[in-house]
Amino acid sequence: MLRYALRRLLSLAVSLVVASLVIFLVIEVIPGDPASYMLGINAQPDTVAALRSELGLDVSKTARYLAWVGGMLHGDFGTSYTYRTEVAEMIGERMWISLPLALYALTLSTLIAFPAGILAASRRGSATDLGVMGVTQLGVAVPNFWFAMLMVLLFAVKLRWVSAGGFPGWENGFWPALRALTLPAIALALPQASILTRVMRSSLLDTLSEDFIRTARAKGLNRRQALWRHALRNALIPVLTIIGLQFSFLMAGAIIIEQVFFLPGIGRLIFQSISSRDLIVVESVVMLLVFAVIVVNFAVDLAYAWVDPRLRR
Amino acid sequence: MSLLAIQDLRVSIHGQPILKGIDLTVAPGEIVAVTGESGSGKSMTAYAVMGLLPQGAEARGSIRLGGTEILAASEPELCQIRGNRVGMVFQEPMTALNPVHRIGDQVAETIRIHAGASRAEAAARARDALARAELPPDRFPASRYPHELSGGQRQRVVIAMAIALRPDLLIADEPTTALDVTTQAQILRLLQRLVETDGMGLLMITHDLAVVSGLADRIAVMRAGEVVEQGPTRQLLAHMSHPYTRMLFEASDHAVAMPPAPDSPAPLLELRDVTRDYPGPRRGLIGRAPPIRAVDGVSFRIQAGERVGLVGESGCGKSTLTRAILGLDPIRSGSITIDGQPVFIDHHANRAVRRKMQVVFQDPYGSFNPRHRVARLICEPFHLLDSPPQGAARRAAIAEALTAVGLSPEDAGKYIHQFSGGQRQRIAIARALIIKPELILLDEAVSALDVSVRAQILDLLADLSGRYNLAYLFISHDLSVVRGVTDRVLVMQRGKIVEQGPTAQVLEHPEHPYTRALLEAAPRLPDLDMLRAGG
């Protein structure tokens, strides 16, 4: 198990190096001169030259790459060209919204999907199963921003339980902040939970038709015992895969929901910095998201090995 | 007093009758074999006794186990009986165990749910059960996972689970069908010993008359949901009053009239010192163990029109060798040629040679795309030709191939699910024949078939060999399959050919100890004359 974890860790490190190289090449090298790109076509030559030296473009590419990576390792992501603030600081602020929001949504979606999927699978073909399948079909089909706006109309405008948007910050207390994130988290969780429920159900149904379930029944286990003791753990692999993918998506894909609820998250940051051609911010945020995805994949790999002893090699 | 008494058992699934009035008894310490071909209802009988009939099944009649009427028992009552008073062993040991739990825990579970034993006590009794199933704890610790065991060892774990609570009745559904012959012999001996020591009754479901004749006290022969004949083994086999029993017996020992072997040698396939390695298992962070040699210095020849058997147990390298001959994989060293041309060049199968050879696999259903019609399926090998026939020529080729295998040209428009297992194997042979190859590789091609169908397919192969001067390479784990259908046989063990020679000679006077072990382990049909004289 330890050797497996170390090997996954090694592959994580390699993936990070490769990803950083690709991002560096795509952003700094391929489109030509980043300074003139950032300033647009009408820029004065001396402004471009000033930016070039500020970005450190006059040294070699290798030196720039090493400086970039070295800086990131120290938590120094450079200074935003547009906002004139430390990129690390900007990302840090946004991260305190996006990360809890993603975790919140993921927790909700898992809490819904596990019971719903198990219930539907254990009562295959029943009214419960049909109901779960119908609701999840709807959950996948309804656009989450539209659902978000309906929730705002109901809970914020009509019932006035929560505010319609914005974020008070964690420094003003845990509960107000969590409250502000609740509607966005539900909106994000709805389609994810629907997908996860369906995956859970079909994976469990596949497992329930395996030979070893018949063996378990022949031992004297009843249906429910066979499901909980033998089917569930075997059915988890595809579910874990989807959870990993969903977390990665939630980190950056929440942009529309962030827009609806006026949340200054990572999604908005990357959107704004792309529109204002702030390559320094884009580069760092993309690298950070890649880092998050790779770490999540590493965690999913470890979870696989925990579930299935055949993978612990 | 019988332990199990089945009376007039009728089972239908969604209104379709499956069992039509079964009467069967098993006494304590008695081995009763239920035999018959696929679809006869043998397994359904076993599941009815376990109370594990599929959804939509309706059972009438009576199944009495001791004093309990199974058909009237509630689900909680049945859960108390299963695993406790009746144990069951299944056909597929590779999938019968939960891959994510340790073997000790899986055996202990039976004990914990029935005997209410503590964790430690159940674990101790599980170790004892594993030892009785001949998996001694010092060599096979209870902490092993199923994937760390071989097929035979996994079957012992399933047996340990079934006998842990010393049930009155053990049901074994084709327990050795998926195993090699030497392992089969060991598992059969184990079952026999357990019946003797524990006084259990054993209800054994098997399609194999040879297994039955050496093991069972009584035999019931089933066909299409009915018991056509039953009685004490010797008596039943000596008289065989029902024609179906006679047909089964004869088909099991079917002698094929192969056309004579070619006398003028014309080498077709030639293997010289072929070696193939697989990468070893991972070790350390990035290292690997030394490679595993799957095929080790194999040399042999097949002449045009010759039938050769390649026999060995699972893992001996015969499948790897088959893939190499087909040009699917590169080899490490040595050469494989057909008519002097290599089968694999420049990282690809050599098309010029590949069209001289075709293959038929064990599972006819799995080797066809279910969404294509037969015409398209059997034309697949045409991609090996430089100018495949079109239009009328193509239709003529399809009709000829289907006729040659005993089907009709009209079958070309059907889908594969519309055919029986034997017909599917005929279609697989038609697909092989359509480009007029000189050599057909038959990879366990008759292993999954019922004996009567197997006899027909072997007859067909004999006929085709004579008609088209076809050479065959029969690849099988079972020496008895190649008996009578091959001119020569090669015995493979751990990647090496350990013995080869004319089939009759190798089977009568085996020289290598491994060949002898294979022959001894193979269950044999009894000599009827001796049975009749003795009985």
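Reply: Arg10(B) has Lys20(B) as its bridge partner in β2(B). That pair belongs to the antiparallel pairing of β1(B), residues 4-13, with β2(B), where eight bridges join the two strands. Strands count as paired if DSSP finds at least two bridges between them, and the elements themselves are DSSP runs numbered from the N terminus: helices are H or I with at least four residues, strands E with at least two. Please keep in mind that this is a predicted model, in which local features need pLDDT of at least 70 and side-chain atom pairs count only at pLDDT 80 or more, while totals for chains, interfaces and linings use all residues. Residues are numbered from 1 along each chain as its sequence is written, chains are lettered from A and ligands numbered from 1 in the order in which they are written, and side-chain values use heavy atoms, with hydrogens and water left out.

The hairpin of β1(B) and β2(B) has two residues between the strands, and His14(B) takes a positive phi near 50° there. Stepping back, β1(B) and β2(B) are part of an open, antiparallel sheet of four strands in the order β2-β1-β4-β5. Its edges are β2(B), residues 16-26, and β5(B), residues 68-69; each has a single partner strand, so one side of each is left without a neighbour in the sheet. Helix α1(B), residues 42-50, lies across β1, β2 and β4 (57-65) of chain B and runs at about 110° to β1(B). Here contact means heavy atoms within 4.5 Å, and such angles run from 0 to 180 degrees between the N-to-C directions of axes fitted to C-alpha atoms, for helices over the stretch in contact.

Helix α1(B) also leads us to the partner chain. It is one of the elements that give two or more residues to the side of chain B that touches chain A, and three salt bridges are counted between the two chains; the other such elements are α2 (75-81), β6 (86-89), α3 (93-96) and α4 (103-115) of chain B. The biggest share comes from α4(B), which gives five residues, the most of any. Overall, the side of chain B that touches chain A divides into 16 nonpolar, nine polar and five charged residues; Ala, Val, Leu, Ile, Met, Phe, Trp, Tyr, Cys and Pro count as nonpolar, Asp, Glu, Lys and Arg as charged, and the others, Gly among them, as polar.

The contact takes 30 residues from chain B and 24 from chain A. About 2600 Å² is buried between them, 57% of it from carbon and sulfur atoms; buried area is the accessible area (1.4 Å probe) that two parts lose on being put together, summed over both. In one of the salt bridges, Arg229(A) pairs with Glu109(B), with the closest N and O atoms 3.2 Å apart. A salt bridge here is a side-chain nitrogen of Lys or Arg within 4 Å of a carboxyl oxygen of Asp or Glu. As for chain A itself, it has 13 helices and zero strands, and its C-alpha trace spans about 80 × 55 × 35 Å along its principal axes.

Over all chains, the salt bridges come to 31. Among them, Arg156(B) pairs with Glu134(B), with the closest N and O atoms 2.9 Å apart. This pair links distant parts of the chain, 22 residues apart: Arg156(B) sits in helix α6(B), residues 151-163, and Glu134(B) in the loop between α5 (119-132) and α6 of chain B.

Another hairpin can be set beside the one we began with. Six bridges join β9(B), residues 218-223, to β10(B), residues 226-232, in antiparallel fashion, with Arg223(B) opposite Glu226(B). This hairpin has two residues between its strands, and Ala224(B) takes a positive phi near 45°.

Finally, chain B holds an open sheet of six strands with mixed pairing, in the order β20-β21-β22-β15-β23-β24. Its edge strands are β20 (357-360) and β24 (496-502) of chain B. Within this sheet, β15(B), residues 307-311, runs parallel to β22(B), residues 471-476, joined by five bridges, and Arg307(B) stands opposite Tyr472(B). Helix α16(B), residues 451-468, packs on the sheet, touching β15, β21 and β22 of chain B, and its direction makes about 150° with that of β22(B).
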